[in-house]
Structure formats: structure tokens, C-alpha cells
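Here is a short report on a protein model with its ligand. Please read it alongside the view below.

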Amino acid sequence: MMLDVSGVSWAVPAARILDRVTCTAPAGSLVGLLGPNGSGKTTLLRVVAGLLRPTSGQVTIDGDAVARLRRLAVARRIALLAQHAETDLDLTVLDVVLLGRIPHQRSRWSDSDTERARAVEVLAHVDLTGFEHRKWQTLSGGERQRVQLARALAQEPELLLLDEPTNHLDIGHQLQLLHLVRRAGITTLAALHDLNLAAMFCDTVVVLDAGRVVAAGAPEQVLTPALLADVFGVEAEVGTHDGRTVIHYRPPAA
Ligand SMILES: Nc1ncnc2c1ncn2[C@@H]1O[C@H](COP(=O)(O)OP(=O)(O)OP(=O)(O)O)[C@@H](O)[C@H]1O
């Protein structure tokens, strides 16, 4: 599935939060959405997910304008892993994963053996075998994050939107999560703060600054010392190791 964001702006009365953002994600690609705090990453993901209506411009998936799709069609085709996915409900891990299946069920909620078996399989992919009957409230931050990814994968979306998916995860699970997302082969737009992880896993990256796209392309073309200084205000050396871009940051001058 191809994602196309074309000239998207989103504004509140006091400010324009997204300013004519244009970017694409070819079918099956993993695109990193980078940028400092407050640059508009979450807002863009919410517009792409159809949760916010752009003030101008449009988002299409395989040519269909997201703003014109019915809610159920969006729920079937797009999964959003939000930054603070929380629930107060008294749910088990299996219940949460099964929530991902709701958009695909015809008329009434079913948790058939097939659905449950599939949910257990997805949980194994995120390293949570044996957690099926644990209560959501008892999970650690990283475990919750992985359950939410399992829910999103169980949804079998055409487009996966991830808002800082590696937040809360230890390094092993950060690498595992991005590897898993890559292997799933689903077109994915992921807001990431760790630029080295972005360089390691993303086909392309899009850099936002104050609501505008300031650079886009292959990580090695985009993540230059000049861009890191301009956009993130950091001094860094950029090298390559085993053919991958590696960023070494320098501590701020006293
Ligand atoms: N409803 C709103 N009303 C006013 N300002 C808003 C609203 N929603 C977002 N903003 C502002 O828009 C800017 C972009 O926010 P957004 O959450 O998209 O940034 P982000 O790049 O995801 O940041 P972070 O890296 O900190 O998560 C921020 O300055 C935020 O305060």
C-alpha cells in the first residue's frame, strides 16, 4: 500500500502546526518521521490516521483520500500505535490484542479459537508468550508497548503508524521491534527519536522542523552533520560502519 501525503497543513487558531507537508511511503517501506520535540510528528500521524482533518492538502492510501473513507474502512486499513496507549478497562493481554480484530468482524464480537490462536501467535512475535492472561494494569511500560504493537499487527493493517514505538523499550526490544516491523513488510510511518535506529532500519526518513519538511530521503543522504546542527542543535560526526550510517554525538560545549 502506498501512502501519499500532499501539501498537508493543520492549524489551531493561534498557530499553524503542520505547514504544507508532503511525503510518501512506497508500498512495504519503513519511513522514519524525525524531528525535535514539538515539530509536528504526532500531529502528522494523527492526520494520516484520519483522526484530524487537514486544513488543506490531503492524505491518500493507494489513491483513496483518508478523509473520505468511512471510519470502519479506516480502522480496517490503518493501525495507529499511539504514544500513550492506555486503558482503564480491566482487560487481559489477550483481550487487548483481540481488540485489533474488531474492525474485521462482521456483525458481532467473536473471540473464536482461530482468533485467539492468532492473537497468541502475534504475542509470540513480540516476545510475550505466556502473558495472555496477565492483566494490562500489571504490565511494565515496555511490556505494554509490545502488547500495543501486537494489537496493531493483529489488525493486519495496510498502513502502520507508530508514534515513538521504542519508547520504554530496552535496547534488545528496541532492535527486535524495528526488525519485526521491517519483516512484517507493512507500509509503515514511524516517529522515532533515536536517529541511529532510524538510520539502521528505515528505507527513507522525513525530517520535520516547526511543522515543515526540511529534508527527506535515504538516511545517509539526510542525516548530515549540517542537518543535525540546524534542526536538532547538536554537534555530531557522521560515519559509516558495515555500510550503515552511524552518528557520534559530541557533548554540548560548556
Ligand atoms: N490542539 C492543539 N492546540 C495547540 N497546540 C497544539 C495542539 N496540538 C499540538 N499542538 C502543538 O503543536 C506542536 C506539535 O506537536 P506534536 O505533538 O505534533 O509534536 P511532536 O513532534 O510529536 O513532539 P514530541 O517529539 O515532543 O512528541 C507542539 O508545539 C504542540 O504543542
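## The antiparallel sheet

Strand 1 (residues 3-12) and strand 2 run antiparallel, joined by 7 bridges. Strands here are DSSP E runs of at least two residues, and helices are H or I runs of at least four residues, numbered from the N terminus. Two strands pair if DSSP finds at least two bridges between them. V5 has C23 in strand 2 as its bridge partner.

These strands belong to an open sheet of 4 strands, with order 2-1-4-5 and antiparallel pairing. Its edges are strand 2 (15-25) and strand 5 (64-65), each pairing on one side only.

## Basis of the model

This is a predicted model: local features need pLDDT of at least 70, side-chain atom pairs count only at pLDDT 80 or more, and totals for chains, interfaces and linings use all residues. Numbering starts from 1 along each chain as its sequence is written.

Strand 3 (residues 30-34) pairs with strand 8 (residues 187-191) in the parallel sense, over 4 bridges. V31 stands opposite L189 in strand 8.

## The ligand shell

Which residues surround the ligand? They are V12, I17, G35, N37, G38, S39, G40, K41, T42 and T43. A residue is near a molecule if its C-beta atom, placed from the backbone, lies within 6 Å of it.

Helix 1 (residues 41-48) supplies the largest share of this shell, 3 residues. By class, the shell holds 2 nonpolar, 7 polar and 1 charged. Ala, Val, Leu, Ile, Met, Phe, Trp, Tyr, Cys and Pro count as nonpolar, Asp, Glu, Lys and Arg as charged, and the others, Gly among them, as polar.
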